[in-house]
Amino acid sequence: MKTLINGLHHVTSLASTAQTNVDFYVGILGLRMIKKTINFDAPEVYHLYYADEIGTAGTVMTFFPYGKMPRGRKGAGQPTYTAFSIAENALDFWIKRLEGYQIPTSRPKQRLGETYIQFEDFDGMGVELVTTKNDLRTGWLNGVIPNEFIIKGFHTVTLHEANMEKTLRLLIDSMQHKIVAEEGNRYRLEAGEGGTGNYVDIIYTNDQIKALQGAGSVHHVAFSTSTDETQVEIREILASAGYGVTPVIDRNYFHSIYYREPGGILFEIATNPPGFAVDESPEKLGQKLQLPPWYESHRPKIEGVLPPIKAVVFP
Ligand code: ZN
């Protein structure tokens, strides 16, 4: 079978204040802000990208910070936890670091043979750090956090579903995923080469609390495809299976198609090329506000509306 889906590409969430969001993901977690751009569908709002050094698929966490925005509510029909991967010896470091910045964390817990902690960002988005044995990714060596403790990229995205069966069918029958583990009400699936960073977990929840979108909610989950050609192929598979999939949309750093999975979560499939160095050099990623060509003539107006932000890794 030809690989059309490689695993995760990025996760995009809603946030309130831009600077608070930067402080959490760059300041505390030590991810690199690889792109400072705008929401192409709402140019008065930033689109901030945090990732490893170059924005490798499977490491890219992005946000639309809308400023004042009511908080969302976790529930069915939503990705509720985004897990990042750390080395096995890094857990104590992170517990202390998060404590030092007054971020309440869960006690270390066990799941599918791995240890993890759970906490929330400043807007209430669910974040986990999972210790893994064989994750060779290096993350962004930022020179502040010791290299051995650096966050390597995504581990898993967890989807909460009231009707798991149809979402499983989509992932397995039309999106090249397979179930690789099961524990309680959790199914773990993977695509492509599999392993850490390519996992999607589905949790069946019968509490029937519907998710509400707001600050701290995941807006969509994007899966990686290698080329424009593989994207067309997977698009045809989805369309013929009856999913209402959009035409290909140019997102400047990747090309995207979108559709809703049966539980209501917005899925995207994004191409790996052209990547984040398309409009600035790899060394300078994220430093200057980047606009897609079709917004460039509005730059003064856009820059006048967006609040200034500063991205620094905290000690
Ligand atoms: Zn996206």
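This is a predicted model: local features need pLDDT of at least 70, side-chain atom pairs count only at pLDDT 80 or more; totals for chains, interfaces and linings use all residues.
Leu266, Glu268 and Ala270 point one way from strand β16, while Phe267, Ile269 and Thr271 point the other way. All of these residues are buried. Of the 6 residues of β16, 6 are buried, so the strand is largely enclosed by the rest of the structure.

Now look at the neighbours of β16. Strand β13 pairs with β16 in the parallel sense, over 5 bridges. Across that pairing, Ala222 stands opposite Glu268 in β16. Strand β15 (residues 255–260) runs antiparallel to β16, and 5 bridges join the two. Here Ser256 has Ala270 of β16 as its bridge partner. β15 and β16 form a hairpin with 5 residues between them. In the turn, Gly264 has a positive phi of about 110 degrees.

Next, follow Glu268 to the metal. The protein donors of the zinc ion are His10 through NE2, His220 through NE2 and Glu268 through OE. They lie 1.9 to 2.1 Å from the zinc ion. Along the sequence, the donor residues are spaced H-x209-H-x47-E. His220 sits in strand β13 (residues 218–225) and Glu268 in strand β16 (residues 266–271). The two are 48 residues apart, and the pair links distant parts of the chain.

The largest nonpolar core has 80 residues, and Tyr25, Leu29, Phe223, Leu238 and Phe267 touch the most other members. The largest share of this core, 6 residues, comes from helix α1 (residues 18–28). In soluble globular proteins, nonpolar side chains tend to be buried together.

Charged pairs come next. The structure holds 16 salt bridges. One of them joins Arg111 to Glu128, with the closest N and O atoms 2.8 Å apart. Arg111 lies in strand β6 (residues 109–111) and Glu128 in strand β8 (residues 126–132), so the pair ties together parts that are 17 residues apart in sequence. Both Arg111 and Glu128 are buried.

Another salt bridge lies within a helix. Glu165 pairs with Arg169, and their closest N and O atoms are 3.5 Å apart. Both residues belong to helix α3 (residues 164–174). They are 4 residues apart, about one turn of the helix. Arg169 is partly exposed, at 37% relative accessible area.

A further salt bridge joins Arg299 and Glu296, with the closest N and O atoms 2.5 Å apart. Glu296 counts as partly exposed, at 35% relative accessibility. Elsewhere, salt bridges that share partners join Glu114, Arg186, Arg188 and Asp201 into one network.

Conventions. Residues are numbered from 1 along each chain as its sequence is written. Side-chain values use heavy atoms; hydrogens and water are left out. Donors are N, O and S atoms within 2.8 Å of the metal (3.2 Å for Na, K and Ca); water is not among the atoms, so sites may look incomplete. A nonpolar core is a set of buried Ala, Val, Leu, Ile, Met, Phe, Trp, Tyr and Cys residues joined through side-chain atoms within 4.5 Å. Buried means under 20% relative accessible area, exposed over 50%, partly exposed in between (1.4 Å probe, protein chains only). A salt bridge is a side-chain nitrogen of Lys or Arg within 4 Å of a carboxyl oxygen of Asp or Glu. Two strands pair if DSSP finds at least two bridges between them.
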